[in-house]
Amino acid sequence: MSKPIVAIVGRPNVGKSTLFNQIGKQRLSIVDDFPGVTRDRIYLDAEWLNNEFTMVDTGGIELASDDKLLNSMRQQAKIAIEEADVILFVVDGRVGLTNEDEEIVKILRRTKKPIILAVNKIDTQKQQDDIYDFYNLGLGDVIPISASNSLNLGDLLDAVVAAFPSKEQEEEESDELAIAVIGRPNVGKSSLVNAILGEERVIVSDIAGTTRDAIDTHFTKDDIKFTLIDTAGMRRKGKIDEPIEHYSVLRALRAVDRANVILMVIDAVAGVTEQDKKIAGFAHESGKGVIIIVNKWDLIPDKDDKSTVKYTDVIRNELIFLQYAPVLYISALTKQRVHRVTDVVKYVADQQAMRIQTSVLNELLNDAISINPPPAHKGRQLKLLFMTQVGIEPPRFVLFANDPTLVHFSYLRYLENQLRARFGFEGAPVRIITRARKEEDDD
C-alpha cells in the first residue's frame with residue numbers, strides 16, 4: 001500500500017516551508033522572509049501516530065502575477081494538488097483573510113479532496129481572535145498554529161491523518177508481485193517494459209521524458225502474477241524545467257513505495273552517472289528488493305567472456321551501498337536475456353521474504369564472534385548476547401548487546417556479510433538494529 005501524499009499549499013510567504021521543516025524535523029526547504037524562495041516541490045517521508053505519509057512542500061500560489069517564476073511555481077503547486085490525497089492549506093493569521101486565499105480555495109474545492117485549513121503565525125493567545133475570519137472560507141474547522149514555534153502542530157497532524165483514505169479503501173492487497181522500473185530518462189525503461197511484455201504497451205521514444213506517469217501493466221508468467229510499473233525518468237534537479245517533470249518524479253517515488261522489487265536501469269554506454277547514484281541510493285533506502293539492469297549491452301563493442309565481470313566491478317565500486325543487488329546485462333532492443341528478468345525478480349522477492357530461526361541465527365552469531373571477536377572500546381568490552389529476526393521485506397534483525405553504543409558500524413557490516421554468506425539475501429537490503437540487554441536477563 002502506497003503512503004498517502006500530503007501537499008502543503010498556500011500563498012507565498014505564509015510559512016509553508018517552516019511548517020514542512022518542523023514536521024519533518026529537518027531543514028530541507030530554504031526558509032526566508034521573501035516570497036518565492038521555494039521554487040520547486042520537495043518531498044519528505046514523515047510519520048505521525050504510526051501513520052506514514054509523504055509530504056510535498058510547494059512554492060506559493062500567486063494567482064494575479066505575470067512573473068514567469070511565480071507562474072511556474074503556481075503550476076508546480078497545482079501539480080502537487082493533483083497528486084495529493086490530502087491538501088494542507090496554510091494561510092497567514094497576521095495578514096488575515098485575503099482575496100487570493102478565497103480564489104485558491106475555489107481551485108482546491110474542485111479537486112474534491114480533503115482540505116485541512118491551518119492559520120499560521122498565531123504565536124500568542126491574544127492572536128486567537130485573528131482566526132475567525134477564516135471560517136468564511138467554508139472549509140470547516142480552522143486550526144491555529146505557529147510553525148516557527150511548533151505550537152499546535154499535534155492537533156494539525158491529527159486532522160491530517162484523520163483525512164487519509166481508510167485502510168479498507170486502500171488495502172485491496174493484491175497477490176501480484178509489483179515491479180517498479182526506475183532510472184534516468186532515456187536509459188530504456190519503456191523499451192524494457194515492452195520487451196518483458198512482448199508487445200508495445202507503452203510509448204517508446206528517443207526523447208528523454210516521454211513517459212510522464214507511472215503506468216501499471218498486469219501479466220502472468222509461469223503461474224505467477226506480476227504488476228509492472230513503468231515510471232518517468234528521474235532527472236537531476238537542475239535539468240527539471242517543466243512542471244510536468246516534477247510530477248513524473250513524484251509518480252516515480254510513489255511507484256517505488258508500492259513495489260516489491262525495483263529494477264534500477266543503467267545505460268551500459270553511459271556507465272554509472274552521478275544521477276544514477278542518487279536514484280540507486282533512493283532505491284536502497286526504500287528497503288525494497290533491488291536488481292541492477294544494465295541495458296543496451298548490445299552497444300558495447302569488443303566484448304569477451306570477462307566483460308561483464310569487469311563492468312560489474314565498476315558498478316560495485318560506484319554503487320558501494322548496492323553490493324547485494326544482482327546485476328543483469330540485457331538489451332531491451334534485441335531482447336537479449338530479457339526473459340531472465342522475471343526469474344530474477346521472483347528470486348529476489350523470495351530472498352526478501354526469507355525468515356531464519358532464532359536458534360540458527362545464534363549459531364551463526366557465535367561462529368562469527370569466534371572468528372572475529374568484537375573489539376573493546378575505551379577499555380570496555382562489547383558482549384553480543386543474541387540475535388533474532390523481527391521482520392521481512394526487508395529482512396530485519398535485532399542484535400542484543402550489553403552496551404549498543406559499543407557496536408561499531410564496521411562490525412555490523414561484518415555480521416551482515418556473515419548473514420549473506422550463510423543465507424544469501426541477494427537483492428535484499430539487510431537491517432540490523434542493536435538493543436541493550438543485561439546478561440542475566442532470560443531469553
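The model is predicted. A search of the whole structure finds 10 aromatic pairs.

- E1 pairs with strand E3 (residues 51–57) in the parallel sense, over four bridges.
- Within that pairing, Ile5 has Thr54 of E3 as its bridge partner.
- E1 also runs parallel to strand E4 (residues 86–92), and four bridges join them.
- Here Ala7 has Ile87 of E4 as its bridge partner.

**Helix H6**

- The buried set includes Leu192, Val193, Ala195, Ile196 and Leu197.
- Lys189, Ser190 and Asn194 are also among the buried residues of H6.
- Gly198 follows H6. Its phi is positive, near 75 degrees.

- Tyr311 and Tyr329 form an edge-to-face aromatic pair. Their ring centres are 5.9 Å apart, with 90 degrees between the planes.
- Tyr311 lies in helix H9 (residues 307–318) and Tyr329 in strand E12 (residues 327–329), so this pair ties together parts 18 residues apart in sequence.
- Tyr311 has 15% relative accessibility, so it counts as buried; the cut-off is under 20%.
- Tyr329 also counts as buried, at 5% relative accessibility.
- Ring pairs link Trp297, Tyr311 and Tyr329 into a cluster.

- The ring centres of Phe386 and Phe400 are 4.6 Å apart and their planes are at 20 degrees, so the pair is stacked.
- That pair links distant parts of the chain. Phe386 is in strand E13 (residues 384–391), and Phe400 is in strand E14 (residues 396–401). They are 14 residues apart.
- Phe386 and Phe400 are both buried.
- Phe400 has a further contact with a charged group: the charged end of Arg437 sits over its ring, 5.8 Å from the centre.

**Salt bridges**

Side chains of opposite charge can pair when their charged atoms come close.

- Asp267 forms a salt bridge with Lys296. Their closest N and O atoms are 3.0 Å apart.
- Asp267 lies in strand E10 (residues 261–267), while Lys296 lies in the loop between strand E11 (289–295) and H9, so the pair ties together parts 29 residues apart in sequence.
- Asp267 counts as buried, at 10% relative accessibility.
- Lys277 and Glu318 meet through their side chains in a salt bridge of 2.8 Å, N to O.
- This pair links distant parts of the chain, with Lys277 in helix H8 (residues 274–285) and Glu318 in helix H9. The two are 41 residues apart.
- Lys277 counts as partly exposed, at 23% relative accessibility. Glu318 counts as partly exposed as well, at 33%.
- Salt bridges link Glu274, Lys277 and Glu318 in a network.
- The side chains of Arg422 and Asp367 meet in a salt bridge of 3.4 Å, N to O.
- Arg422 is in helix H12 (residues 409–423) and Asp367 is in helix H11 (residues 358–371), so the pair ties together parts 55 residues apart in sequence.
- Arg422 is partly exposed, with a relative accessible area of 41%. Asp367 is partly exposed too, with 39%.

How values were computed: Residues numbered from 1 in each chain as written. Predicted model: local features only at pLDDT ≥ 70, side-chain atom pairs only at ≥ 80, totals over all residues. Heavy atoms only, no water. Buried < 20%, exposed > 50% of the residue type's maximum accessible area, 1.4 Å probe, protein only. Phe/Tyr/Trp six-rings, centres within 6.5 Å; stacked < 30°, edge-to-face > 60°. Lys NZ or Arg CZ within 6 Å of the ring centre and 35° of its normal. Salt bridge = Lys/Arg side-chain N within 4 Å of Asp/Glu carboxyl O. Pairing = 2+ DSSP bridges.
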